Amino acid sequence: MIALLLLQGSLVLAGAPLFAGVARRLKSRLQYRHGPSVWQPYRDLWKWWSKQAVESDASSPLTAAAPVLVLATMVAAVLMVPLVAVDSPLSGAADLLVIVGLLALARMVLVLLAFDAGSAFGGMGGSREVAISALVEPGLVLALSVAAAAAGSTDLSVISARGQALGPALLSAPMLLAAAAFAIVAVAETGHAPIDNPDTHLELTMIHEGMLLEASGRRLAMLTYAGHLKFVVVVSIFMAVFLPFGAAAPAAVPGLDGAAIDPTPLALLIGVAVAAVKLTVATLAFGLLDAGLAKMRILVLPSLLGLATLLAVTAVAASLWLPS
Amino acid sequence: MNGPGMDVSLTVALGFLALSAAVSLLGPRAGKTALALAALGSVALAVVGGLAAFKEPVALHFGTILGSLSVDLRYDALAAPFLIALGVVGTAASIYAMGHHDGMRSRLDGVAYPAFLASLGLLFGADTAFAFLLAWEAMALSSAALVFGPRPGPTTVRAGYVYLALTHLAAACLVAAFALLGGAAGHADFAAMREAAQALDPAARDVVFLLLLVGFATKAGIVPLHIWLPRAHPEAPSHVSALMSGVMVKAGIFGVLRVVIGILGPGPAWWALAVIVLGAGSAVLGALYALVERDLKRLLAFSTIENVGIIFLGLGVGLLGATVNAPALTTLGLAAALVHTLNHAAFKGLLFLAAGSIQSATGTRDLDKLGGLVRAMPGTALLFGVGAVALAGVPPFSGFAGEWLIFQSLLTAGAATAVDPVIRIACLLAVGALALSVGLALGAIVKASGSAFLALPRSPRAGAALEVGRLERAAAALLAFVTLGAGLFAGPIRALAGAIVEASSRSTGATLGGSAPVLLGSYEPIVVASLLALIVVAAWAIGRWRAAPVRRAPTWACGIAPTAAHEYTATSFDKPARLFFEPILRPVRARRVEFEPGTPFPHRVTYRSNVDHLVESRLYVPLHRASIAFAQVARRLQQGTLQLYVAYTVVALVILLVAARP
Amino acid sequence: MTAAGIVGAVAGLIIVLGIALVLTRSIGRSILLVATQSILAGVAAIAVGSALGQWQIVVGGVLAIGFKGLAAPVFLRSMLRSTAVAVERRPYLGPRLSLLAAIAIVFVAATATADIGFTGTPGAERALPAAIAEVLTGLLLVMTRRKVMSLLVGLLVFENGIALTAFALTYGMPFVVELGIAFDLLVAVAVGWVYTRRMVAVLGTASTDSLRNLRG
């Protein structure tokens, strides 16, 4: 529905950088610093927007096109994933595999961008990103498949609706295991500790930042903003699958012509508030992780990501022998 | 009405191909004409495929040799996607070869190439065991001739021999299987074998299944029977590699569909489990070895192994559906396999053609020596990019469409309560394997595209590259259009595949699939593509509105003027992956530093790193050594005396005579 | 004489000639003996064929006489003249042992075919033992002689035996097969000729035990 599309779209597009600001503020406070204001990301974006872009003379037209592509992918994902309501704003387009695929598309373009500048930092960031995401994929897809198999659909709206209908009974053993696996994966996808440090610019510790290093001006603004949007997307997927409570749902009784009745405006407002709370909680959680955990050595990452895959596999096995 | 259409098109196709072979015998000058005729023949083959998809199947009788070996053809709906793939890729490959200097290296090439196309075309319509095996052998021999070429070097000779050895292993298994089936039936035609196969006892059916599986898996390139693929594909000329990867390995898939599912019929659940396990293994290992490969064509060959594994996953689900008698599941699995077959043929053909352009422009396939080609070869770069996004399995492109369907089929199988829990877990684990292989494949193709085209050239030859001719780009562009179309129109293609499975099951009487596939989710590529396009345009516009002009400057390299030595090479790019997957890859690294005499300053550093291909070192090398040892022992029978050998024969004869006395 | 009588007589003569072949050491003489064997077999075939009125047996007999009785021996004799190798000097088996072996062969052939009931070709109960004896004699010659020419003679004897077996049991072999065998023999003899010339040119001798050194 149009109202949902406009509502979710405008709120997320306007509010995504805020969560990054909150996370940074929390980290600073935990480190006994005053820290920047929560609105700092907006100021950063505006600063970059106003500056001239510089590109390497080894680069190709891809450097100009990539930020636009990455941003478009993330905006599309934001508009597809159910956050405020159980339904996706673009009804019928919320297939979880498609959204995961869009994240992969963004990653692919980003790694190619990293290649394009011809610098070693880009190669470093890109190579690590590719290897880590390969390890992340099985855990991610398996964790979501547990929920999909239980709900009988890969559409996030259907999974979400079923979760809401089940209530607290949703969190059975297989689902909890899958949620744990997805949580680890989410840390990897959003680039937080202990897998990546979002604030560092040291050569050997960058993954995501490494790929963005050579971007400047509006391009950097687009890419950073796309990173903020990605955080919202990943958290939304988690919430829609594992904690769908509070999202605006269509009326329980279908209307006179058999079609489902759209959620009432009150339900939508409640959905917005609940979504904001969920996102804030997630932001605080990630902030705590960033402040509390050191970044892991890259050699040790396979064991952590392997743990996520193992949890997901256990969830799969459990779902076949335990009711979910 | 239906019959004459297909009859005529087939005759036209074979006529063009025969003409092409004849013309090529006139000499090297006639090469272009011969290839143009081959292109026309391929178009005609695609037409046959198109007719087969929509019309009722028609039997064509080509003749009988020696009274009992008959060559019967019957093009039904199942042959359609394979014929269309053959036609499209064949046309593009022939046009590419017209512009390429390696297009026709000798008269043998000129005869072998149309023979290759013709044998594939006949294989997809074979209706008797003899016709099938004849086409199979012709396909193997003609492609081997193309791999060897006129003046093969030692690597090429080795590759060709490994290829021939394995393809004959496959043929031996197929002959044995057909003999068992035909013996039970009394006739060698598929209809009779289908009926007789129902009456075979379970042990015999298991044996036949294993023989067929080994035979077809070898041709398809499934691990562990894959070792010929990464050797033979790079040695063949690019247009032949495109056909081999795009269509010939699909002959193995076609064999499974036609013979295992179509003739042998449903079997115990372990059949499906075996296929799924083989598919998952090939998918992961193929993608992993592709990621750490630095020869561009070998990388693409390993990617073919990965994609064939993915197709096998769909075939496994189809077999599973036949076992538990769930036609919807069967249709879903087989339709998924068909869709991915078609899509892979298009984008892999495209990538091989583009790789061939890179090789002819720079003279090398080594990714560590390429770079910066996007400036010299923008057309090829764009075409390679289309193939790359398709291979990476990202929406809204064609690779994702096939892989999405396979995901759906595996999830459906995993959720089906009629299936044994162990197999359901296997299906869901296969989902994880599929996800892993897609992630690794994305890394592999990003590495290939980035190293080849972006940043600065890493060698003088790459720096001096020039764009290839129009014909080569046009051929690749044809496949690029098909790839993009297959991505955007995935919905109709999916419906068509489902219809083909249904039509094929109706016409052959085999229980293939009954109803339309029921999907667990929805994927409308046009919606996704339009959404993306809209936002891209909007973002682009906003990004350019009153923006300051972009400044170009050298990359910051800590104060040094940046050179190609500052970039990551392809080998360095896969280093984290080599670290993560060390237990499987077992990388070997040797580094030697030579110092200037009497000083601690290095004069030369030699670095060699390699990945151990486990299947070869743990399976084939020991087998090889064991057979050589056995041959050494058996040598003692060879005394060198002619008369002794005759004596061996006589002794054997006498023993037989004594033993055969009633 | 009836057909059966002719066949019986021919069978007896073939056995005698076989023993003679094993004993003789002159290659020229053995060529003559094998030619006679072939002609006799052909005569028997013609007799049976005309008695039964089946033309393909007659034609088979004529072909046997033509190819194996006349053409091949003539060819072999000319090869013999051109290579100046005339005698099998030291066969692997001495004269007494060879005779013993030949008689053993006849005995084996007789006992092997003793209790077979014959209803087909007239004279088959005499012809089959002779045929089997001829096969074994041919193999014996190949196993015990050193010179290539002797090996070729042994091959001809062996083939005679096969043809006679087929004739005795089934009125001869299909025409296509007969032609094939004839062609086969032609090729074998030609190859043998080339082989002998090469051996004499390179190794200086036509004896096959010089080939032992070539073992790889």
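Q: Which chains share the most contacts among the pairs of chains in contact?

A: Before turning to that, please keep in mind that this is a predicted model. Of the 2 pairs of chains in contact, chains A and B share the most contacts. No contact joins chain A and chain C, and the closest C-alpha atoms of these two chains lie 53 Å apart.

Q: How many residues of chain A and chain B are in contact, and how much area do the two chains bury between them?

A: The size of an interface is often given as the accessible area lost when the parts come together. Here 72 residues of chain A are in contact with 72 residues of chain B, and the two chains bury about 6000 Å² between them, 76% of it on carbon and sulfur atoms. On the chain A side, the residues that lose the most area to chain B are A:Met108, A:Phe115 and A:Leu320, which together account for 12% of what that side buries.

Q: How many cavities of 30 Å³ or more does the structure hold, and how much space lies in the largest cavity?

A: The structure holds 11 cavities of 30 Å³ or more, and about 160 Å³ of space lies in the largest cavity. Of the 17 residues that line the largest cavity, those closest to its centre are A:Val100, A:Gly101, A:Glu137, B:Gly393 and B:Val438. Helix H4 (96-116) and helix H5 (120-151) of chain A, together with helix H16 (398-415) and helix H17 (421-453) of chain B, each supply at least two residues of this lining, and H4(A) gives the most, with 5 residues. By class, the lining of the largest cavity has 10 nonpolar, 4 polar and 3 charged residues.

Q: What volume does the second largest cavity have, and which residues are closest to its centre?

A: The second largest cavity has a volume of about 120 Å³. Of the 13 residues that line the second largest cavity, A:Val70, A:Met74, A:Leu110, A:His208 and A:Lys230 are the closest to its centre. Helix H3 (62-80), H4, helix H8 (208-212) and helix H9 (217-242) of chain A each supply at least two residues of the lining, with the largest share, 4 residues, coming from H9(A). The residues of this lining divide into 8 nonpolar, 2 polar and 3 charged.

Q: Where does C:Arg145 lie, and why does C:Arg145 count as buried or exposed?

A: A charged residue can be read by its place, its accessibility and its neighbours, taken in turn. C:Arg145 lies in the loop between helix H5 (124-144) and helix H6 (148-170) of chain C, and C:Arg145 counts as buried because its relative accessibility is 7%, under the 20% cut-off. A polar atom of the C:Arg145 side chain lies 3.2 Å from the backbone oxygen of C:Thr24. Leaving aside residues up to four places away in sequence, C:Arg145 touches residues including B:Gln643, C:Glu88, C:Tyr92 and C:Thr208.

Q: What does B:Thr641 touch, and where is the place of B:Thr641 in chain B?

A: The place of B:Thr641 is in the loop between helix H25 (614-634) and helix H26 (642-659) of chain B. Not counting residues up to four places away in sequence, B:Thr641 touches C:Tyr92 and C:Arg212. With a relative accessibility of 14%, B:Thr641 counts as buried. C:Tyr92 links this part of the account to the previous one, since C:Arg145 also touches C:Tyr92.

Q: Which peptide bonds are cis, and where are their prolines found?

A: For a peptide bond, the angle to read is omega. The bond from A:Ala193 to A:Pro194 is cis, with omega near 5°, and A:Pro194 is found in the loop between helix H7 (173-190) and H8 of chain A. A cis peptide bond also joins B:Pro395 and B:Pro396, where omega is about -5°; B:Pro396 is found in the loop between helix H15 (378-392) and H16 of chain B.

Q: Where are A:Tyr32 and B:Ala455 found, and is each buried or exposed?

A: A:Tyr32 has a positive phi of about 60° although it is not a glycine, and A:Tyr32 is found in the loop between helix H1 (2-30) and helix H2 (40-50) of chain A. B:Ala455, likewise not a glycine, has a positive phi of about 60°, and B:Ala455 is found in the loop between H17 and helix H18 (460-463) of chain B. A:Tyr32 is exposed, with a relative accessible area of 78%, whereas B:Ala455 counts as buried at 2% relative accessibility.

Terms used: Residues numbered from 1 in each chain as written. Chains lettered and ligands numbered in written order. Predicted model: local features only at pLDDT ≥ 70, side-chain atom pairs only at ≥ 80, totals over all residues. Heavy atoms only, no water. Buried < 20%, exposed > 50% of the residue type's maximum accessible area, 1.4 Å probe, protein only. Contact = heavy atoms within 4.5 Å. 1 Å grid on protein atoms, 1.4 Å probe; cavity = no way out; pocket = protein on both sides within 12 Å on 5 of 7 lines; lining within 4 Å. Points joined across faces, edges and corners; volume = space filled by probe spheres on them. Nonpolar A, V, L, I, M, F, W, Y, C, P; charged D, E, K, R; others polar. Polar contact = N/O pair within 3.5 Å; in protein donor to acceptor, adjacent residues only side chain to side chain. Buried area = accessible area lost by both parts, 1.4 Å probe.
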